[in-house]
Structure formats: structure tokens, C-alpha cells
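This report concerns a strand arrangement and the nonpolar core that accompanies it. Please consult the sequence and structure shown below while reading.

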Amino acid sequence: MQKQLIFFILLAILIQISFAFSSNNSTYEPAKKDWVLGMYEPQDFSVFKNVPQNLTNYETGKLYMLHQDALHAFERMHLKAKKDNVTLILISALRNFPYQKRIWEAKFQQIKNGDPLKTDEQIALEIMTYSAMPTTSRHHWGTDMDINSVEPEYFESGQGLIEYNWLKKNAKRFGFCQPYSPKNDGSRDRGYNLEQWHWSYMPISYYLLKYYRDNINYHNIQGFSGSQDASKIHSIEDYVLSINKECLNWKQVHESY
Ligand SMILES: [Zn+2]
């Protein structure tokens, strides 16, 4: 009897060890620093999954990726919204550093061509009305997504307003928060303009933001046009860290996570 008990205890320990090894597998998720800076290829890490095409703007034929937990939560939210006659479609999801850099450099060049006298700092600030510097984007994390449209006007009336109101009422039940809330309602006072479309899966992004705050500094923000001005612009304090208070206090509000 005792022998059997020892056998089972040993077996349980072995199972625990093998689980620990499999979850520490280096291909499961990127090292935190690379992860928050977007310095990885999502296909190399099993924690990131392709978004099924019925959840995306299918016509463009683009495949998106998200952290698996964020994806599952979005799938659940999509289904619930559908029951309420609201369609939620991803139009952007995970973007790593090279992806964000392509967006950034295209905008940078476009503004520079329009007015060659503008300084790098002016150009960067103009882009940062809505778009993040590479290494500072929440889209690097696989937890954040843009839903239905990136035009503010779309959400101001009609179907867009119905969708936005639905998200404001229901998204939190699925773990989502809107980091770029209005700048005049007391939820935040600086950073990007209001983005009704950008939603973040807090059970993961809450911790990635904490990691970013404690481990990333301006030496890590480099490798693109205008990066030398990141500290002058306060890209970390005024943009990365200045999000909706409701998202910043997520842990306190939702103790179950
Ligand atoms: Zn976004």
C-alpha cells in the first residue's frame, strides 16, 4: 500500500516537472523585454495564434495574430455581440517592431515630403496623434486590437455609435478595456487622441504595462526616424503610461484576475 502511495506521489511530481518544462519552453512566448518592444516574430512563439478569417476584415485577405487568451476572449465577445445584432471585426491586431516601423516610416516620409522644414520632433508628434513609435506600441503585445474602423467619425453616429456604446457597456465582461479613452472625461489627460476602436485584453496587458514601466527606458527606444527625440516628447510617460485610469486600475477593480 505504502509502495503504491510513493509511486503515485513520484508520478505526480514527474507530471508537474514535465508541465513546468513544457510551459518554460523557449518557443512558447518571447522573453518579456523582446515581447513588450515587439522584437520578435510571432510565428516563432506558440502563444500567438492566427485569427480566424471570419473575425477579420476578410476582403483584404490579411491574416492577423493575437495572444491566444486575447483571441479566445475576443471570440466570446464577438459571439455575444452578434446575438445583440452588433458585428465586431478586427481590422488590426498584433504588429511587431518591423511592422510598426513600416507604418511609422511611411507616415514620417509623407509628412516630411509635405513640409521639408518640419523638424523630426514635430513630425513625430504629428504622427503620435494616433500612431505609436515602434517599441512603444501596445500592438506589439498581441493583447491589443483595432475593431471595425480607425476613423473617429465612424463611431460618432449610426451603426458605429451603436457598436461603440455596446463595447463601452460590455467589453469589460470579456476582459477588455479601452486604453485611449476621451482626454476630457477625467480618465486620462494626455497621449494619443481618443481611439474608440482600440481595445486591450487586460488580464495580460495589465502586467506587460507594469513590466514596461519598470524595465524599459529611452535607450530601448531606437532604430527608426525621430527616435532620438523620444525622451524629449516623453513617449514613455505621456504615451505608453498615460492610458485610461480604468485600465491602469484593472487589477484593483477586477480582483478575480
Ligand atoms: Zn490600435
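How many bridges join β4 to β6? Three bridges join these two strands, which run antiparallel. The model is predicted: local features need pLDDT of at least 70, side-chain atom pairs count only at pLDDT 80 or more, and totals for chains, interfaces and linings use all residues. Residues are numbered from 1 along each chain as its sequence is written.

**The sheet.** Four strands form an open sheet in the order β3-β4-β6-β5, with antiparallel pairing. The edge strands, each pairing on one side only, are β3 (90-92) and β5 (176-177). Strands are DSSP runs of E with at least two residues, helices are runs of H or I with at least four, and both are numbered from the N terminus. Two strands pair if DSSP finds at least two bridges between them. Two bridges join β3 to the antiparallel strand β4 (residues 144-147).

| Residue | Residue opposite, in β4 |
|---|---|
| Leu-90 | Ile-147 |
| Ser-92 | Asp-146 |

Met-145 has Trp-199 in β6 as its bridge partner.

**The core.** The largest nonpolar core has 53 residues, and Leu-66 and Phe-176 have the most contacts inside it. Helix α7 (residues 202-215) supplies its largest share, six residues. Such a core is a set of buried Ala, Val, Leu, Ile, Met, Phe, Trp, Tyr and Cys residues joined through C-beta atoms within 7 Å; buried means that 20 or more other C-beta atoms lie within 10 Å of the residue's own, with C-beta atoms placed from the backbone. Beyond its neighbours within four places in sequence, Leu-66 is in contact (C-beta atoms, placed from the backbone, within 7 Å) with residues including Phe-48, Phe-74 and Met-145.

Conventions: Buried ≥ 20, exposed ≤ 12 C-beta atoms within 10 Å, placed from the backbone. Contact = placed C-beta atoms within 7 Å.
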